[in-house]
Amino acid sequence: MGQLFSDTSKNEDNGDLVSSATKYFMKIKAETKIISQETIRLIELHLKKGNIQGANSVIINALKNIDKAPINIAVTGESGGGKSSFINALRGVGPEDQDAAEEGVTETTMMRTSYKHPKIKSLTLWDLPGIGTMNFPPNDYLEKVKFQEYDFFVIVSASRLTKLELDLAKAIIFMKKNYYFVRTKVDIDLENEEKCKPRNFNREKTLQQIRSYCVNTFSQNSMDAPHIFLISNRHLSDYDFPVLMDTLIKDLPDQKRHNFMLSLPNITEAAIDRKHKSMQQYIWMEAFKAGILATVPVVGIIRDDVEKLKEKLNHYRVLFGVDDESLEFMAKDSQMPVEQLRKILRSPFLLETKKEETLRESFLKYFQKCASANGGLLATGLYFTRTFYLEFLFLDTVTEDAKVLLRETYSKI
């Protein structure tokens with residue numbers, strides 16, 4: 001394709017990398033950082049000593065940990081509580097999709113079953129047998145399902161808390177593991193309550209009664225009540241599902257947050273923004289690893305660079321659910337022509353240019369936007385190669401596309 005960008009200017013001043021790195025990490029909230037504070041301090045220490053290679057080595061190891069760190073989530077509870085549908089919701093698949101967890105009104109899980117996330121291969125959700133099933137009595141339930149392998153447990157219940165569920169919670173606490181209590185099917189509870197009391201129905205009051213019942217049950221059994229999450233597996237953006245996701249992200253170790261955030265469904269614009277911030281941190285570290293210069297380098301983008309950029313753009317489209325396969329599924333669910341969805345997006349066409357000038361113009365506009373934006377990447381004093389600026393451009397574009405799709409499909413409901 002030849003050079004897309006002509007030589008522009010040089011700036012031989014590398015700037016204060018320590019100050020710049022500190023500024024960048026200070027802007028990120030502690031609960032959303034994808035590397036630990038200890039790692040950040042180590043990077044800064046190397047930079048203070050002028051040891052760029054040392055800082056790069058720390059970042060390389062951090063990126064490896066992020067990419068490879070396994071995330072194992074155990075989902076358990078009484079039979080018929082919605083365990084399998086909760087797992088499918090987290091994986092972004094429907095009950096009839098290939099490799100979906102089998103849903104049913106009776107116990108469909110007689111042994112622990114693993115389900116890999118379709119996009120994030122390091123994330124595994126485990127559908128555990130219902131508590132009290134014949135093969136797994138309460139006394140040795142946790143041992144049999146290999147409790148030590150999971151990052152945390154989600155106890156799912158669709159009705160009244162049973163003694164078995166309470167005993168399981170106590171056992172998990174004793175084993176020094178985290179658990180989260182999820183009360184499912186609250187949409188059905190609300191529908192039934194409204195049918196029974198059409199004149200006096202109060203949605204918030206009913207939800208509070210469900211929550212209070214759960215809290216009181218824990219208290220009556222001499223247990224500290226955990227945070228109670230009321231959700232509907234059919235309507236994830238309603239009720240407490242977004243709050244549950246925020247809580248899990250906050251509680252996970254730093255190096256596991258990134259892939260978990262990327263795994264979550266695009267149910268709200270806040271969830272999409274969260275993915276964007278996490279991916280931005282990842283790109284920043286990749287850019288640092290590749291070498292930070294004091295200015296945008298004079299080297300142009302050649303054909304090999306464009307091929308790599310295409311791969312990156314396609315990768316981001318998949319992660320944010322705006323790739324062609326995702327559009328096909330979305331069009332089917334929304335009963336809309338796929339082309340109607342495709343034409344409202346920008347990312348599929350970013351590199352499909354009739355002339356090189358188009359991409360150059362996109363880059364220059366984005367560069368100027370970053371340069372003038374308060375708190376933007378340039379405000380940290382860090383300047384990246386053009387390749388990485390284009391990655392940031394791709395990221396911003398797929399993020400906006402994901403929001404556009406969310407608004408479009410939500411308006412059709």
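Colleague: Which residues of α3 do Thr 39, Leu 42, Ile 43, His 46 and Leu 47 of α2 meet?

Modeller: This is a predicted model. In it, α2 covers residues 37-48 and α3 covers residues 52-68. The listed α2 residues meet these in α3: Ile 52, Gly 54, Ala 55, Val 58, Ile 59 and Ala 62.

Colleague: How many nonpolar residues does the contact of α2 with α3 have?

Modeller: Sort the contact by class. Charged residues are absent, and three residues are polar. The nonpolar residues number eight.

Colleague: Are α2 and α3 roughly parallel or roughly antiparallel to each other?

Modeller: Their axes lie 7 Å apart, and the helices pack at an angle of about 160°. Angles over 145 degrees count as roughly antiparallel. So α2 and α3 are roughly antiparallel.

Colleague: Is the crossing of α2 and α3 left-handed or right-handed?

Modeller: Handedness describes how α2 passes α3. Here the crossing is left-handed.

Colleague: What is α7 relative to α8: roughly parallel or oblique?

Modeller: Helix α7 spans residues 186-196, and its axis comes within 10 Å of that of α8. The two axes cross at roughly 125°. That angle makes α7, relative to α8, oblique.

Colleague: Which residues of α8 make the contact with α7?

Modeller: The crossing of α7 and α8 is right-handed. From α7, Val 186, Asp 189, Leu 190 and Glu 193 take part. From α8 come Arg 203, Thr 206, Leu 207 and Ile 210.

Colleague: How many charged residues does the contact of α7 with α8 have?

Modeller: By class, four residues are nonpolar and one is polar. The charged ones number three.

Colleague: In β4, what is the bridge partner of Thr 76?

Modeller: β1 covers residues 71-77, and β4 covers residues 152-157. They run parallel, joined by five bridges. The partner of Thr 76 is Ile 155.

Colleague: In β3, what is the bridge partner of Thr 113?

Modeller: β2 pairs with β3, residues 123-127, in the antiparallel sense over four bridges. The two form a hairpin with six residues between them. Thr 113 has as its partner Asp 127.

Colleague: Which residues of α10 meet Met 245, Leu 248, Ile 249 and Lys 250 of α9?

Modeller: The axes of α9 and α10 come within 8 Å and cross at roughly 155°. The helices are therefore roughly antiparallel to each other. The α10 residues in this contact are Arg 257, Phe 260 and Met 261.

Colleague: What pLDDT does the protein chain average?

Modeller: At least 70 is the score of 78% of the residues. Over residues 293-299, however, the pLDDT is below 50. Residues 374-383 are also below 50. The chain average is 81.

Terms used
Residues are numbered from 1 along each chain as its sequence is written. This is a predicted model: local features need pLDDT of at least 70, side-chain atom pairs count only at pLDDT 80 or more; totals for chains, interfaces and linings use all residues. Side-chain values use heavy atoms; hydrogens and water are left out. Two strands pair if DSSP finds at least two bridges between them. pLDDT is the predictor's confidence in each residue, from 0 to 100. Contact means heavy atoms within 4.5 Å. Axes are lines fitted to C-alpha atoms, for helices over the stretch in contact, and angles run from 0 to 180 degrees between N-to-C directions. Angles under 35 degrees count as roughly parallel, over 145 as roughly antiparallel, 65 to 115 as roughly perpendicular and the rest as oblique. A crossing is left-handed if the near helix is turned anticlockwise from the far one by less than a right angle, and right-handed if clockwise. Ala, Val, Leu, Ile, Met, Phe, Trp, Tyr, Cys and Pro count as nonpolar, Asp, Glu, Lys and Arg as charged, and the others, Gly among them, as polar.
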